[in-house]
Amino acid sequence: MFEAHAIGCNAVSWAPAARAGSLLALPSTGGARSAPVKRFASAGCDNIVKIWEFSEETQAWVEEDVLEGHTDWVRDVAWAPNIGLPRSYIATASQVRTLTSILPLRWGRVCGVARSLTMTSVYRQDKTVIVWTKDMPTAPWVKTALDPSVSAAPGAGATPGKFPDVVWRVSWSLAGNVLAVSCGDGKVTLWKENLKGGWECVSDVSS
Amino acid sequence: MLVRRQGDHLEGAAASQCGMGENQGALAAHCIRFVSIPFIRAVPLTQNVVVPVNSVSWAPHELGAILACASSDGKISVLTFKGAVFPLWTTSSPNMTETKMLR
């Protein structure tokens, strides 16, 4: 057990066992098809996503990377399945905070005066889904926010980059190329990457 | 989430998430797909502190029976199934608290 995120950790998702790029690696390079990698991503209430890898050397989990991009709690994280192609995908969903972010009344120590610390700045409403891609094992993670406001997506007309309601869960298809997003408006949208690297809503299903 | 408790066994269909935390640190984890596995009744997450477990996730099968759990106190537990040896589930290493930045 180890401390991962301040306040709380909302979700974990394991990386595929096959190392990114291992499918295309030549056997002659040696070690390319090495032991499967122990790695996962975690999503926290500190608005960030962390990548953890188990170091066989020190027998400890090491924080490998930190993905910053959300402005509110990261509710869910999903690492896309991969058979060993070089490119890795991670989807993360952020959701507006709930009651827990409103602090209760606190009593001041002086004169017993009640001070209200109710915060109103918490309503930032980050209703975004970000897809993080990494082209090569050595490349940095690149973020792309899904945009439901374009095309025929159900959130057309909404603020660009924002979903019409809270986004609860994200899940990849087994092939790792279709992302399902569940939204508080009762719809599930399916997203695919286009040839330009953008993400398009290809289908929506009402619950 | 489908989980049935039978003595020390949990069985059910494939599930991926659960969240609970009312009981004494009890962690009702989920189940391997369509098989019944011996499972320890309770895995204490923290001593004397009860925190909700927000997410559980099985590692890829190539890695063996490993379960990662995320809890509301911001901690992550990685549990490895040790088979017939007691305790059935252990954390991967004793020095897991020592995390350091690679960057």
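Visitor: Before we start, what is pLDDT?
Guide: Happy to begin there. This is a predicted model, and each residue carries a score from 0 to 100. That score, pLDDT, is the predictor's confidence in each residue.

Visitor: What pLDDT does chain B average?
Guide: Let's take the share of residues before the mean. In chain B, 40% of the residues score at least 70. The average pLDDT of chain B is 58.

Visitor: Over which residues of chain B does pLDDT stay under 50, and how many contacts beyond four places in sequence does the model have there?
Guide: One such stretch is residues 1–41 of chain B, where pLDDT stays under 50. For residues 1–41, the contacts beyond four places in sequence number 74. Residues 93–103 of chain B are also below 50, and beyond near neighbours in sequence the contacts of this stretch number 21.

Visitor: Now to the contact of the two chains: which element gives the most to the side of chain B that touches chain A?
Guide: Chain A brings 28 residues to the contact and chain B brings 29. On the side of chain B, the elements giving two or more residues are β4 (53–58), β5 (66–71) and β6 (75–81). With 4 residues, the one that gives the most is β6(B).

Visitor: How do the residues on that side of chain B divide?
Guide: Charged residues number 5 there. The others are 11 nonpolar and 13 polar.

Visitor: Which residue stands opposite A:F2?
Guide: Strand β1 (residues 2–3) of chain A pairs with β6(B) in the antiparallel sense, over 2 bridges. The residue opposite A:F2 lies in β6(B) and is B:I76.

Methods
Residues numbered from 1 in each chain as written. Chains lettered and ligands numbered in written order. Predicted model: local features only at pLDDT ≥ 70, side-chain atom pairs only at ≥ 80, totals over all residues. Contact = placed C-beta atoms within 7 Å. Nonpolar A, V, L, I, M, F, W, Y, C, P; charged D, E, K, R; others polar. Pairing = 2+ DSSP bridges.
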